[in-house]
Every structure is written in C-alpha cells, then in structure tokens.
Amino acid sequence: MDAQVTETPEPPRFAGWAARPAGGRGADGPGPPRIPPYRWRRRLALGIAGFVLAGAGTGWAVYAKLNGNIHTDSATERELRKWESERPPAGPPNAGNVLLIGSDSRTGGNVRYGHSRGQRSDTTMLLHLAADRQSSTAVSIPRDLMVELPHCKRPNGTETGPAPAPFNEAFAAGGPACTIRTVEKLTGIRIDHYLIIDFVGFTKMVDAVDGVEVCLPRPVHDPEAHLSLSAGRQTLHGEDALGYVRARKSLGNGSDTQRMERQQRFLGALVKKVQSNGVLLNPTRLYPVLDAATSSLTTDSGLASLRGLYELVRSTRRIPTDRVQFMTVPRQEYHLDPNRDELRQPDAGRLFARLHGDLPVTVTPPKDAGEEPVRTGNGSSDDRPDAPSGPAPSSGPAFPGTTAEHGVCE
C-alpha cells in the first residue's frame, strides 16, 4: 500500500504577504518587493493631486461653457457713454435697477416664430432691487405707451431725432441703448444693468425648471400664438409657456393690459418654483437653469460673466416670494389715439420717485387673491413673525399688482 501523502494548502496570498518579514522574503522564497513608506506617500499625493485636477478641469470646463454662452454688448455701453451728461444720477448705494428686455427677434433659432421687418421689444420690465435686498419690484412698460424717443443711433449708423412714438419703437430704432435712454427719460431712474432674452431663451428657462403650472377656465386654441390647450390646471413647458405669455386674442379680453398681467403672474410663479425647489442651492438642478439662461442672453459687461450673474442672483435669492412684486406703470388711454397708452399722472411720477429713492411701495393684489396689501422697499416689514426686522415704513401710494406668492392658479 502506498503511503498517503497529505498536501498542505497554500496560504492565502494576502495573508502570506502580511506574514513575510520586512526584508521582503519569507520561508517560501522571495515575494513582491515592499514599497518604502515615503514612496507610498508620494504616490498617494500624486493620486490626490490628479483627482483634484480632474475635478478642477471639469469645473473649469463647465464654468467656461456657461461663461462663453453670454453675449456681451459693448456697443451699447459705448453709445451710452456718449450721452452720459443726459442720464439721471445714480440712486442710493446698493440699490439696483435692471432693465429686462424680451426681444421678438426672428433671427437665429427664433426664425420658426415667424418673420418681422425688424427687432422690437416684445416685453420690457424695469426691475428695482431694494438696497437691503428684502424686496424687488418689476414694473412692466406697455409696448404701446406713447413716449418721447431721444436721439438714437440706428444700426446703419444714422441717427433719429427726438420724436413721439410707441415705446417698443425705441428698440427697433436704436436697440438697447435707445431703449435704456428712453426709460431713463421717462422715469428719471438710472439703469445700472440690462438683460435681453429672446424666445428660445425663455422656452429653455421654463423647461429647465420642469414647467410652470397655470389654470385655464376654458380651452384655448390660438394658431397665431402656436397655442392649443385644454381647460383646467396644467403644467406648461417651453413652447406652450411662450404661447401662453404672448397670446393676446385668445386669452382675456385681447388687450395688452391683460397680457402683461398674465406675464407678471407667470414670472411670479416661475420665481416661486425656483425658490421653493431649492434650485439655487442644488448644483445638479442649477446647471440646466444657468445653461438655459446664459445661452440666449445679451447683457452689459458688468453682468456678462457667470460670476456677475451669480452675484446678482445670490443677492436676491433670500427675498421672500411675497416681496417679489409685479405691477404695470400707471397709464391711461392716449388722448390722441384710443389704441395707445400714456402715463397717468401724478401716479406714475409718484411711483418713479419712490423707486428712484428706494422708498417702500405698496402693491394691492387682485381682490380675488385674498391677500392684504404688501409693502415692499428698503427697510420694509409686515406683520408676519418671520418678516425681516426694521422700522415700519409709510405705505405711500398703492398700485395694483401682484406678488410671486400669488401664483397663476391661486
């Protein structure tokens, strides 16, 4: 009988490495060479450095892309400098006035929305940011408001003389520089910055926040606005949202007045959704919003960078939604043409004076909103326990309007 041979199993490799002496050799012969501690530290440092550089490279690529999306309009700044002596003085320190211009340009990606003989301002709002950043006030300026256009430089280099015209002719005549100077002449308020966004940019913004909820009392079918919607509560995305805010004949009484009110409520709902969903504090959700906002944006050099826009947004993200307010400039039927508007005085003058001085403004929401008048402005406060502290302001004149707290469906 052959002798039974018992094989000793080979120890696990990792256990064998751990059991070997520091010289790198064990009872079974040479093993893998031991890496000295200083080399481990060196390799670890190189690995960490590579990881950081890779992260920084990605971050820089994202920053460069978003930053490169923004178009800087240096020509407007040069034109404004020519007329510096005619411009109003700056307001109180830290208060800000930004002109928001929605362009109806049909060039580039906007061709699918039709053709026009020129570029005009489809929507214009004067946004006043209180110095304490506890409130903001957006004032819509009607397209058909009769104003006195200043000397403006046309795209072909010629100049227009002062003349009465509907407000949106300013953009067609001389672009943003003419529009800014027209607003400054009309209001006595100096414009610190401006932002121009086109149709494509608006649709991208709405899609980036997964749409905005609206309520329709009846179905809407408007071929001119590219709009076909059922009645009831629903969430509108890009193209439908654009049609909703631009429609005139199929919603309300067909007037530009109701269209502006609809735009104000929609923008208020958009602001409320961005704040309530924590978009500004969530990089994953913030990126598509920034990409959408910057890809169709033209602005002055002060805001024409991701840092500039971030500082603007950061300074306003803590404004409570009931202090983000919207209104239309006080106006009445133009005395020479019932199809045009003119400023209603002295109400318009009072509003402009209070905004220029960064004084509180009282907004009276629609009667069906179930809200009390909201007072906003520098140092403003209300009766809510969580309202910012500060002296109670005088209410001043009241103006019809709404706030971001009062959504489209409320």
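Mentor: Let's start with Gln 264, which sits in helix 7; keep in mind that this is a predicted model. Gln 264 has a relative accessible area of 4%, and since buried means under 20%, this residue is buried. Leaving aside residues up to four places away in sequence, Gln 264 touches Met 125, Ser 140, Phe 326, Met 327, Thr 328 and Thr 402.

Now follow the helix that carries Gln 264. Helix 7 covers residues 256–276, and its axis comes within 8 Å of the axis of helix 6, residues 238–246. The two axes cross at roughly 140°, so helix 6 and helix 7 are oblique to each other. On the helix 6 side, the contact is made by Ala 241, Tyr 244, Val 245 and Arg 246; on the helix 7 side, Arg 259, Arg 262, Gln 263 and Phe 266 meet them.

Cys 152 belongs to strand 8 (residues 152–153) and Cys 178 to helix 4 (residues 169–187), so the pair links distant parts of the chain, 26 residues apart. The link of Cys 152 and Cys 178 is right-handed, with 75° about the S-S bond. Like Gln 264, Cys 152 and Cys 178 are buried.

Definitions and conventions: Residues numbered from 1 in each chain as written. Predicted model: local features only at pLDDT ≥ 70, side-chain atom pairs only at ≥ 80, totals over all residues. Heavy atoms only, no water. Axes fitted to C-alpha atoms, helices over the stretch in contact; angles between N-to-C directions. Helix = DSSP H or I, 4+ residues; strand = E, 2+ residues; numbered from the N terminus. Parallel < 35°, antiparallel > 145°, perpendicular 65-115°, else oblique. Contact = heavy atoms within 4.5 Å. Disulfide = S-S within 2.5 Å. Buried < 20%, exposed > 50% of the residue type's maximum accessible area, 1.4 Å probe, protein only.
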